[in-house]
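Hello,

Here is the structure I promised to pass along. Have a look at it first, and then read on for what turned up.

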Amino acid sequence: QVQLVESGGGLVQAGDSLRLSCAASGDTICISAMGWFRQAPGKEREMVARIIDGSITYYADSSKGRFTISADNAKTAVFLHMDSLKPEDTAVYFCNAVAAKPCFDGDVDFWGQGTQVTVSS
C-alpha cells in the first residue's frame, strides 16, 4: 500500500502563490507516477499536473504556465507550486500516486485525503 498525506492548502487572494506538498509512505519504491488532481463543488475530479518517473511532466491547460510540479528522487514527496492563483482554482486538491510491479500486479491508484485551496477575488 501507499499512503499519501497532503499539506499546504489554505485561503489566499487572487494573484497569490501557494505550495502544496504530499508525503508518500509505504510501497513508494513501486511508484511510477505521482500527480495532483482537484475537485470543485459540483464538478468532476480533474487532473492538474502529473510527473512520471520523476522527470516527465504533464499539465492541464488551465495549469500550464502557472503551476509547477516536482518530486523528490526517492518518490516520497511531490509538490505543486501554484502562481497567479485565480478564483476558479478553488477546489479540494488531491495527491495521487500510481504504483505497479513488483508490489502490485497492475497499476494501482492511491489517493490522499485532499487539501482545500480557496482563492478569493
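A strand here is a DSSP run of E with at least two residues, and strands are numbered from the N terminus. Read along the sequence, the protein then gives β-β-β-β-β-β-β-β-β-β-β, that is, eleven strands and zero helices. Please keep in mind that this is a predicted model.

On overall dimensions, the C-alpha atoms fill a box of roughly 45 × 25 × 20 Å along the principal axes. The radius of gyration is 14 Å, which agrees with a compact globule of 121 residues, because such a globule would have a value near 14 Å. Of the contacts with a separation of 6 or more, 56% join residues 24 or more positions apart.

Now to the inside. Buried residues account for 40% of the 121, and the largest nonpolar core holds 29 residues. Within this core, Leu-4, Trp-36, Leu-80, Met-82 and Tyr-93 have the most contacts. Eight strands, S1, S3, S4, S5, S7, S8, S9 and S11, each supply at least two of its residues, and S9 gives the most, with five.

Which residues does Leu-80 touch, leaving aside those up to four places away in sequence? Among them are Leu-18, Leu-20, Trp-36, Val-48, Phe-67, Ile-69 and Tyr-93.

Enjoy exploring it!

Best wishes

Definitions and conventions: Residues are numbered from 1 along each chain as its sequence is written. This is a predicted model: local features need pLDDT of at least 70, side-chain atom pairs count only at pLDDT 80 or more; totals for chains, interfaces and linings use all residues. Side-chain values use heavy atoms; hydrogens and water are left out. A nonpolar core is a set of buried Ala, Val, Leu, Ile, Met, Phe, Trp, Tyr and Cys residues joined through side-chain atoms within 4.5 Å. Buried means under 20% relative accessible area, exposed over 50%, partly exposed in between (1.4 Å probe, protein chains only). Helices (H or I, at least four residues) and strands (E, at least two) are DSSP runs, numbered from the N terminus. Contact means heavy atoms within 4.5 Å. The radius of gyration is taken over C-alpha atoms; the globule rule is 2.2 Å times the number of residues to the power 0.38.
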